[in-house]
Amino acid sequence: MKALNTNLQHLTGIAQKTQRIGIGLMSGTSLDGLDIALCRIAGTGLQTQFELLNFTTIPYPDRFKAEVRSVFSKRQVDLEKVCLLNDFIGAYHAELILKSLKDWSTKPSDVDFIASHGQTIYHAPKRLHRQEEYPNATLQIGDGDHVAVKTGILTISDFRQKHIAAGGEGAPLALYGDVLLGRKDGEDRILLNIGGIANLTYLPGDGDMTKVLCSDIGPGNTLIDTFSRTLFNRAYDEDSIIAFSGAVNEDLLNSLLRHPFFGEPSPKTTGPELFSEEYVRKAQERSGTSHIEAKDLIATISAFTGRAIVDFINAYIPAAAKIFVSGGGARNPFVVQYLQKHLPQSHIADTAQLGINPDAKEAILFALLGNEAIAGEPLAIGNNPAVLMGKFSFAG
Ligand SMILES: Nc1ncnc2c1ncn2[C@@H]1O[C@H](COP(=O)(O)OP(=O)(O)OP(=O)(O)O)[C@@H](O)[C@H]1O
Ligand SMILES: CC(=O)N[C@H]1[C@@H]2OC[C@@H](O2)[C@@H](O)[C@@H]1O[C@H](C)C(=O)O
């Protein structure tokens with residue numbers, strides 16, 4: 001029999017290790033920067049043992065954010081720009097990884113793999129695009145070959161397509177990591193991530209995998225960030241200073257909550273394509289609240305984020321579940337206080353209490369998914385596709 005080529009030998013060697021060093025990358029819908037998590041992972045699946053060795057978020061320069069925003073969540077874009085950015089982002093992320101490894105005194109040759117989410121530029125589940133002949137669809141750019149060749153490290157990328165091919169919406173993938181790191185016998189838990197979009201995983205304490213639920217909920221920070229930028233020229237409402245200075249307008253809040261998305265069965269996914277500036281402006285017109293002050297608008301959309309989460313939890317999750325929050329929204333006190341007030345029966349903490357850095361959680365997820373792609377077996381959880389996700393890019 002012919003011997004495996006060097007790439008496959010390399011991959012097989014990594015797959016046979018008892019523990020692996022992996023980098024998870026996440027660049028989310030908030031477009032704040034690249035999250036880089038350097039992880040040590042032993043074993044796979046429900047036997048996974050995990051340690052976060054280093055973590056950083058490298059903020060994106062304004063120019064880069066503007067370039068990505070020019071093609072982000074828009075139905076009509078400059079296609080050449082999409083093409084250029086696909087290659088550029090791969091190479092740029094590689095540069096940021098090499099810089100971080102240097103800061104951490106870690107040699108690229110000590111890293112077994114990189115698991116790269118890429119940059120979502122459009123998310124179009126069928127529910128949103130409503131075109132019968134087309135499937136669920138999503139697009140992440142930042143090509144994995146560029147990451148692999150520039151860093152010299154085996155790279156796994158484009159995780160969401162397999163999920164769609166196997167019947168899912170390509171998101172949320174959080175449950176595949178939450179089940180490995182967040183479950184506890186005898187305790188019903190909710191792992192709530194408030195990023196650009198909010199999502200949660202419900203982990204029943206009886207360990208019954210068929211009851212695990214994971215869904216997007218609605219806007220997380222995306223609208224708060226958008227209006228902080230356009231009305232106050234700030235990247236986000238730091239420490240909710242603007243929201244606390246305003247008053248929630250109940251008419252607008254009710255109008256915002258009237259979208260059919262909230263009545264659709266879970267699991268479901270969404271993105272800034274739906275929860276956009278235009279969506280809020282239309283809700284203002286419908287409710288006759290176009291005149292309200294800018295600070296009241298920020299207070300109302302912050303309450304909207306909170307209320308959508310409260311309604312989802314009340315509709316789908318047993319009352320006693322403990323809630324562990326992650327994502328940048330865990331640092332938005334207006335939203336967190338809203339949750340505490342309206343879910344008085346729930347203990348709410350952040351995922352640091354579980355030993356999971358709340359800012360790093362999504363980057364860690366991709367490191368775990370990469371580890372599974374290399375050495376795991378498909379896991380059946382709830383009614384989610386039991387598949388191993390990600391495409392392999394070799395450095396040579
Ligand atoms: N001190 C703070 N006060 C208020 N909001 C904050 C604070 N710190 C962070 N945030 C919010 O968190 C956001 C960044 O969140 P995060 O990094 O989880 O986004 P993301 O990675 O793009 O998420 P996702 O991929 O889930 O959409 C900021 O844009 C801001 O809205
Ligand atoms: C298509 C896409 O990029 N979705 C993101 C986004 O950010 C939050 C929410 O919307 C979630 O569905 C998902 O990311 C996380 C990592 C997930 O798949 O679980």
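The model is predicted. The domain assignment divides the chain into domain 1 (6-171 + 362-377 + 389-393) and domain 2 (174-354). Ligand 1 lies between these domains, because both of them give residues to the shell around it.

**The two domains and their interface**

- Taken over C-alpha atoms, the centres of domain 1 and domain 2 are separated by 25 Å.
- Contact between the domains involves 25 residues of domain 1 and 23 residues of domain 2.
- The size of an interface is often expressed as the accessible area that is lost when the parts come together.
- For domain 1 and domain 2, the area buried between them is about 1900 Å², and 61% of it is on carbon and sulfur atoms.
- Nine residue pairs in polar contact are found across the interface of domain 1 and domain 2, with both residues at pLDDT 80 or more.
- The rule also finds one salt bridge across this interface.
- A salt bridge joins arginine 127 and glutamate 264, whose closest N and O atoms are 3.1 Å apart.

**Ligand 1**

- There are 22 residues around ligand 1, of which Thr29, Ser30, Gly196, Asp225 and Gly328 come nearest.
- By residue class, the shell around ligand 1 consists of four nonpolar, 11 polar and seven charged residues.
- An N or O atom in the side chain of aspartate 225 is 2.6 Å from an oxygen atom of ligand 1.
- Glycine 196 places a backbone N or O atom 2.8 Å from an oxygen atom of ligand 1.
- The side chain of arginine 331 has an N or O atom 3.0 Å from a nitrogen atom of ligand 1.
- Ligand 1 exposes 660 Å² when taken alone, and the protein buries 90% of that area.

**Ligand 2**

- Ligand 2 is surrounded by 15 residues, the closest being Thr120, Arg160, Leu173, Ala174 and Asp216.
- A polar side-chain atom of arginine 160 is 2.8 Å from an oxygen atom of ligand 2.
- Alanine 174 has a polar backbone atom 2.9 Å from an oxygen atom of ligand 2.
- In the side chain of aspartate 216, an N or O atom lies 2.9 Å from an oxygen atom of ligand 2.
- Taken alone, ligand 2 exposes 430 Å², of which the protein buries 97%.

Terms used:
Residues numbered from 1 in each chain as written. Chains lettered and ligands numbered in written order. Predicted model: local features only at pLDDT ≥ 70, side-chain atom pairs only at ≥ 80, totals over all residues. Heavy atoms only, no water. Near = heavy atom within 4 Å. Polar contact = N/O pair within 3.5 Å; in protein donor to acceptor, adjacent residues only side chain to side chain. Areas by Shrake-Rupley, 256 points an atom, 1.4 Å probe, with all protein chains shown as cover. Nonpolar A, V, L, I, M, F, W, Y, C, P; charged D, E, K, R; others polar. Domains from an automatic or database assignment. Contact = heavy atoms within 4.5 Å. Buried area = accessible area lost by both parts, 1.4 Å probe. Salt bridge = Lys/Arg side-chain N within 4 Å of Asp/Glu carboxyl O.
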